[in-house]
Amino acid sequence: MVTPPAIRIDNLVKEYAPPGPGEPPKLALKGVSVDVPQGGIFGLLGPNGAGKSTLINILAGLVTKTSGSAEIWGFDITDNPRNAKRSIGIVPQEIVFDPFFTPFEVLENQGGFYGIPKAERRSEELLKAVRLWDKRDAYARTLSGGMKRRLLIAKAMVHSPPILVLDEPTAGVDVELRRQLWELVTDLNREGVTVVLTTHYLEEAEQLCDRIAIIDHGELIADKPTGELIGMAREKIVTVTVDKDLGGPIMEEAFVRAEVIEPRKLEITYDRDKASAGQVLSIVQSHGYSIEDVTTREADLEDVFVQLTGPG
Ligand code: ADP
Ligand code: MG
């Protein structure tokens, strides 16, 4: 039996109205199709302006699609918006709160909005999960940025949706808070929640997500398990320390790049389909140098990203 996807996006197009008279409309999504499998942490990765928030906001019902379709937990967002919305919790990129409500009230109000009877609400459990129980009676405006983000996550989970979507949860967030948010997201995922997060941090996607889609200029350019995506990086980098000062870079056909980074240190980038580390070292030796030290760097997501999105 094939498990249906948590989210199915089919040929989604979004054209924003022109910003002014005489200006062209902005095509933010150019026919994006992608499935988010159930049960994982799915990363939607892309540079600023790629169309990530547009996609998320269409799922959230905040932006109207131009064409194409999307299903959330099997419910079409246009034909069955109520059930679609009930199946997803969304933490928007922008933090917006009524400053005069307390965290407890924010969650209670949201529970009321979803018609959840008082006795069945999870406000206490959720505030404890995001470590805001001691702040339950503080005004939202007095919370720190990090606390507000955690409160937004709790708010998104009030109706116990099977899918949680976080739009740039760690943009502009310090290291400690980022770690806390990652932990919270992993915990929720372990409890069975399918998580989707958008980010322009490669490292974040690499560490957190088991599957990554890359979007650039409104187009999907990759969609793969994280390991496979990283494996797509063909370039490898080897740094060689030699026994005497280098006269100049040793450039060979087998290399993509060779750069002298210190008088006795050479950084060589090669295509692993065309050469091996052993060959690289023999070439250096054939130029009359003895090798004193070697370090290699595995391809990471950044390499893939640069290859796929091109320079600049
Ligand atoms: P991301 O979240 O990946 O940074 P967005 O979805 O916010 O990207 O934006 C995608 C493109 O659509 C950008 O070029 C942005 O300027 C444009 N855009 C976003 N929102 C609007 C809007 N409300 N009206 C017009 N253009 C918009
Ligand atoms: Mg965005």
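How many bridges pair strand E11 and E14, and in which sense do the two strands run? The views below, which end with that pair, show a predicted model in which local features need pLDDT of at least 70, side-chain atom pairs count only at pLDDT 80 or more, and totals for chains, interfaces and linings use all residues. Residues are numbered from 1 along each chain as its sequence is written, chains are lettered from A and ligands numbered from 1 in the order in which they are written, and side-chain values use heavy atoms, with hydrogens and water left out.

**View 1. The surroundings of ligand 1.** The residues around ligand 1 (those with a heavy atom within 4 Å of it) are Tyr16, Lys26, Ala28, Pro47, Asn48, Gly49, Ala50, Gly51, Lys52, Ser53 and Thr54. They divide into four nonpolar, five polar and two charged residues, where Ala, Val, Leu, Ile, Met, Phe, Trp, Tyr, Cys and Pro count as nonpolar, Asp, Glu, Lys and Arg as charged, and the others, Gly among them, as polar.

View 2. Oxygen atoms of ligand 1 lie 3.4 Å from an N or O atom in the side chain of Lys26, 3.0 Å from a polar backbone atom of Gly51 and 2.9 Å from a backbone N or O atom of Ser53. Of the 560 Å² of accessible area that ligand 1 has on its own, the protein covers 62% (Shrake-Rupley method, 1.4 Å probe).

**View 3. The sheet E2-E1-E4-E5.** Four strands (DSSP runs of E, at least two residues; helices are runs of H or I, at least four) form this open sheet with antiparallel pairing, two strands being paired if DSSP finds at least two bridges between them. E2 and strand E5 (75-76) stand at the edges with a single partner strand each, so one side of each is left without a neighbour in the sheet. Eight bridges join strand E1 (residues 7-16) to E2, and the bridge partner of Ile9 in E2 is Val34. Helix H1 packs on the sheet, touching E1, E2 and strand E4 (67-72), with contact meaning heavy atoms within 4.5 Å.

**View 4. The sheet E12-E13-E11-E14.** Here too, four strands form an open sheet with antiparallel pairing, and strand E12 (255-262) and strand E14 (291-297) are the edge strands. Strand E11 (residues 235-242) and E14 pair in the antiparallel sense over six bridges, and Thr239 stands opposite Thr295 in E14.

Note on methods: Polar contact = N/O pair within 3.5 Å; in protein donor to acceptor, adjacent residues only side chain to side chain. Axes fitted to C-alpha atoms, helices over the stretch in contact; angles between N-to-C directions.
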